[in-house]
Amino acid sequence: MTAPEPDGPAAASAPDARVLDHLNRVVADRKGADPATSYTAKLFAKGPNKIAQKVGEEATEVVIAAVAEGRDSVVTESADLLYHLSVLWAQTGVTPDEVWAELARRFGTSGLDEKASRTPG
Ligand SMILES: N=c1c2ncn([C@@H]3O[C@H](COP(=O)(O)OP(=O)(O)OP(=O)(O)O)[C@@H](O)[C@H]3O)c2ncn1[C@@H]1O[C@H](COP(=O)(O)O)[C@@H](O)[C@H]1O
């Protein structure tokens, strides 16, 4: 039996991390699209400061959801944050693979050890 393509059509609706790769591609494809028909293109047209501001707002909404609204809101606000972060990556020329590689590089290094290595004394 052939394994499903990691990047094939199923990735768009797969309820797992592949959906993030698909989202990143859709977002990157919206660069240069018509702002009248695409929210993403509208954000790109507003420029880097607006995109960064939206990431900050959505991150704050995740925090509010966690402390005051409950887990369902954390899910929806996290999705908003990841979408806007994807727009920020595309706008700054960061590829998702660079972020995945940085996360992979950190496996096996305790956060406490990493913190100690840059804390004097
Ligand atoms: N995942 C998302 C996604 N998540 C959130 N949003 C939009 O992000 C906006 C954030 O909500 P806000 O309440 O902050 O929006 P707002 O008040 O209009 O904010 P301002 O932009 O005015 O500051 C909403 O309009 C949401 O619809 C998204 N828009 C698009 N996507 C994905 O991007 C794809 C391409 O979308 P288009 O670019 O619109 O074709 C879609 O098919 C989706 O897969």
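**Comments on the predicted model**

1. Three helices each supply at least two residues of the shell around the ligand: helix 2 (18-29), helix 3 (39-46) and helix 5 (71-92). The coordinates under review are those of a predicted model. Helix 3 makes the greatest contribution to the shell, with three residues.

2. The residues surrounding the ligand are Leu 23, Val 26, Arg 30, Ser 38, Tyr 39, Thr 40, Ala 41, Lys 54, Asp 80 and Tyr 83. Sorted by class, the shell comprises five nonpolar, two polar and three charged residues.

3. The length of helix 4 (residues 48-69) can be checked against expectation. Its 22 residues, at 1.5 Å a residue, should span 32 Å, and the C-alpha atoms at its ends lie 30 Å apart, which agrees. After helix 4 comes Gly 70, which has a positive phi, near 110°.

4. Which residues of helix 4 are buried? They are Ile 51, Val 62 and Ala 65. Viewed down the axis of helix 4, these buried residues fall within an arc of 65°, so they line one face of the helix. Helix 3 and helix 5 are included in what covers the buried residues of helix 4.

5. The face of helix 4 turned away from the buried side carries exposed residues, namely Asn 49, Gln 53, Gly 56, Glu 57, Thr 60, Val 63, Ile 64, Val 67 and Ala 68. By class, the nonpolar residues Val 63, Ile 64, Val 67 and Ala 68 are thus among those exposed on this face.

6. The largest nonpolar core consists of seven residues, Val 27, Leu 43, Phe 44, Ile 51, Tyr 83, Val 87 and Ala 90. Helix 3 and helix 5 are the elements that give two or more residues to this core, and helix 5 provides its largest share, three residues. Tyr 83 belongs both to this core and to the residues surrounding the ligand. Ile 51, one of the buried residues of helix 4, is likewise a member of the core.

7. Phe 44, a core residue, is in contact with Arg 30, Lys 31 and Gln 91, its neighbours within four places in sequence being left aside. Arg 30 is also one of the residues surrounding the ligand.

8. The C-alpha atoms of Val 75 and Val 19 are separated by 15 Å, the two residues being 56 residues apart along the chain.

Terms used:
Residues numbered from 1 in each chain as written. Predicted model: local features only at pLDDT ≥ 70, side-chain atom pairs only at ≥ 80, totals over all residues. Near = placed C-beta within 6 Å. Helix = DSSP H or I, 4+ residues; strand = E, 2+ residues; numbered from the N terminus. Expected span 1.5 Å × (residues − 1). Buried ≥ 20, exposed ≤ 12 C-beta atoms within 10 Å, placed from the backbone. Arc of directions from axis to C-beta. Contact = placed C-beta atoms within 7 Å. Core = buried A, V, L, I, M, F, W, Y, C linked by C-beta atoms within 7 Å.
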